[in-house]
Amino acid sequence: MNMADSRKNPLILALDTHDLAEAREFLATVGSLVNYVKIGPRLWTQGGAPFLKEVSSRGFEVFLDLKLHDIPNTIAGAVDALSDLGIWALTLHAGGGREMLEAAVSARDDADSEMVLLGVTVLTSLDAPSFNRVCPGCRLEDAVKSRTELCVESGIDGLVCSPLDLPGVKKTAGDSLVTVVPGIRPWKVSDDQKRSATPLEAIRNGADYLVVGRPIIQADDPKAATLEILQEIEEGFRCRKS
Ligand code: C5P
């Protein structure tokens, strides 16, 4: 399959723009190449549910990345309220614990929604020393492993992890969870993403979806950058087969 000819590819565009107007411009520029669009706290705050519905009505699958983290009762309320907005997927912090994740699943099911629930394991911006500050004595790999187990046990649909964590996640969860992978850097840059890899490496390691923001949003030519990433994704699938 030539991914550039089809929007059915696993690239999720992180629409981390300054405002809604800029977001609409990006959708007009690269929208013909992507099917999945991630909306984070900034655009959610500015546009709320009407903006999500606008993006859906333009034919995109909406990934709402709010990384919810609260007590189970509060999470159930939030998931219930988000369940009928036509969102494709929603994130929660797996560090909120098994009961929190189970409350999200129950609320989604009670609302008869098909929204995919994804647990964020450990942020890709955290490396081992910075993780040690938030969780002294706990190794980052152990946290990823136990949070992956929590995702499996709680019955949520998938997780968000670093491309570097994929081999361990697959070992723990097999193919039972959908893997959504940010921290994708097609070329070497120095920013807040600490545990990153190229699109090719992430797909080769078994990622189901790749989340890419700044490499596209901040590119001089966003369309060319998207095409380059799609080519690498194709190459990654070829490596998987061989
Ligand atoms: O610009 P960049 O490609 O780093 O964007 C990555 C996106 O993925 C951001 O919107 C960020 O919020 C999100 N994300 C992440 N790490 C996670 C979960 C989500 O970078 N663990």
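**Core and ligand**

Reply: The largest nonpolar core has 62 residues, and Leu15, Ile39, Leu82 and Leu92 touch the most other members. (A nonpolar core is a set of buried Ala, Val, Leu, Ile, Met, Phe, Trp, Tyr and Cys residues joined through side-chain atoms within 4.5 Å; buried means under 20% relative accessible area, exposed over 50%, partly exposed in between, with a 1.4 Å probe and protein chains only.) The model is predicted: local features need pLDDT of at least 70, side-chain atom pairs need 80 or more, and totals for chains, interfaces and linings use all residues. Residues are numbered from 1 along each chain, and side-chain values use heavy atoms, without hydrogens or water.

Take Leu92. Leaving out residues up to four places away in sequence, Leu92 touches Lys67, Leu68, Ile75, Val79, Met100, Leu101, Ala104, Leu117, Leu118, Gly119 and Val120. (Contact means heavy atoms within 4.5 Å.) Another core lies apart from the largest one; its 13 residues include Tyr36, Phe63, Val116 and Leu118. In soluble globular proteins, nonpolar side chains tend to be buried together.

Lys67 leads on to the ligand. One of the polar side-chain atoms of Lys67 lies 3.5 Å from a ligand oxygen atom. For Asp16, a polar side-chain atom lies 2.6 Å from an oxygen atom of the ligand.

Terms used: A polar contact is a pair of N or O atoms within 3.5 Å; within protein, one must be able to donate a hydrogen and the other to accept it, and residues adjacent in sequence count only if both atoms are side-chain atoms.
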